[in-house]
Amino acid sequence: MFKSGFVSIVGRPNVGKSTLMNSVVGEKIAIMSDKPQTTRNTIQAVYTDKECQMVFLDTPGIHKPKNKLGEFMVKSATDAFKNVDVVLYVVDESKKIGPGDRMIIENLRGIKTPKILVLNKIDMLSEEELFDLMKMYDAENMFDEIVPISALKGKNTDRLLKVIERYLEEGPQYFPEYMITDQPERVLVSELIREKVLHYVHDEIPHGVAVEIERMKKRPDKDIIDISAVIYCERDSHKGIIIGKNGRKLKGIGKSAREEIELLLGSQINLQVWVKVKENWRNLQSFINNFGYTEK
């Protein structure tokens with residue numbers, strides 16, 4: 001009997017949701033950063049073996065929104081509670097259930113969908129601390145399973161897949177077995193560039209950064225893809241930070257992104273990157289829509 005189903009990954013920002021999804025499918029689908037609210041849209045990834053197919057929805061971290069983009073992100077995450085077969089609620093090694101977690105728990109409490117608590121980053125806990133955390137969440141009396149893992153190190157992720165499979169029903173194979181995401185190449189490329197911006201600028205600018213792919217075309221008779229990308233930020237001062245002294249940061253961003261894009265696309269890449277300012281774009285609905293942050 002072949003099983004299949006849709007699995008939503010939810011949780012606070014920066015608990016390792018994207019890392020978990022990438023670990024499960026064995027490829028980099030969602031960008032990763034130690035900064036919160038890295039994922040902005042619901043990203044679909046596919047895991048397939050001989051017995052089942054799991055379609056994972058990696059969602060933005062649930063937080064208190066401060067702008068229209070934030071409102072979209074939270075709605076996208078909470079909508080992912082609905083119309084799925086299993087919900088994975090990912091938490092980290094925090095010793096207490098904070099206000100953000102409490103809000104998510106109360107939202108989940110009212111749904112009948114099977115709920116699996118994924119306790120991530122267990123490599124940072126002692127056995128006693130892990131036991132105490134599992135006991136604390138078990139006291140909520142709402143989770144069908146609690147599975148401790150380390151997504152970054154791939155520890156216990158195989159067990160998590162087996163647990164998810166138990167809650168899936170017989171169903172079709174929705175996607176070909178070789179397919180691991182429904183995201184267009186342009187989206188994956190723009191997200192890889194945005195990830196490198198987040199890495200290179202550290203905490204110097206907020207998350208007012210977006211990347212638009214203006215051109216992506218393979219050269220005739222040559223294994224080279226020309227890509228032109230624009231990094232948008234909200235202030236002139238942010239533009240200067242991204243470019244860096246003598247353009248060093250922008251060069252580093254471009255070089256690092258190009259190397260990963262070449263691995264992703266399996267082709268030589270000629271990448272050109274510019275930086276432009278668009279003030280307050282996160283509150284401009286037309287701009288948000290242009291970057292693909294729209295309801296599906």
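Mentor: A residue counts as buried under 20% relative accessible area, as exposed over 50%, and as partly exposed in between (1.4 Å probe, protein chains only). The model is predicted, so local features need pLDDT of at least 70 and side-chain atom pairs pLDDT 80 or more, while totals for chains, interfaces and linings use all residues. Residues are numbered from 1 along each chain as its sequence is written, and side-chain values use heavy atoms, without hydrogens and water.

Trainee: Is Tyr89 buried or exposed?

Mentor: Tyr89 is in strand 4, residues 86-91; strands (E, at least two residues) and helices (H or I, at least four) are DSSP runs, numbered from the N terminus. Its relative accessibility is 0%, so Tyr89 counts as buried.

Trainee: How many aromatic pairs does a search of the whole structure find?

Mentor: Rings of Phe, Tyr and Trp (its six-membered ring) pair if their centres lie within 6.5 Å; planes under 30 degrees apart are stacked, over 60 edge-to-face, and the rest tilted. On that basis, the number of aromatic pairs found is two.

Trainee: How many residues apart in sequence are the parts that the pair of Phe6 and Tyr174 ties together?

Mentor: The pair is tilted, with 5.0 Å between centres and 55° between planes. Phe6 belongs to strand 1 (residues 3-11) and Tyr174 to the loop between strand 7 (169-170) and helix 6, so the sequence separation is 168 residues.

Trainee: Which residue is the bridge partner of Ala229 in strand 10?

Mentor: Strand 9 (residues 224-233) runs parallel to strand 10, and ten bridges join them. In strand 10, Ala229 is partnered by Val273.

Trainee: How many disulfides does the structure hold?

Mentor: A disulfide is a pair of cysteine sulfur atoms within 2.5 Å. Cys52 is buried, at 0% relative accessibility, and Cys233 is buried, at 0%. The number of disulfides is zero.

Methods:
Two strands pair if DSSP finds at least two bridges between them.
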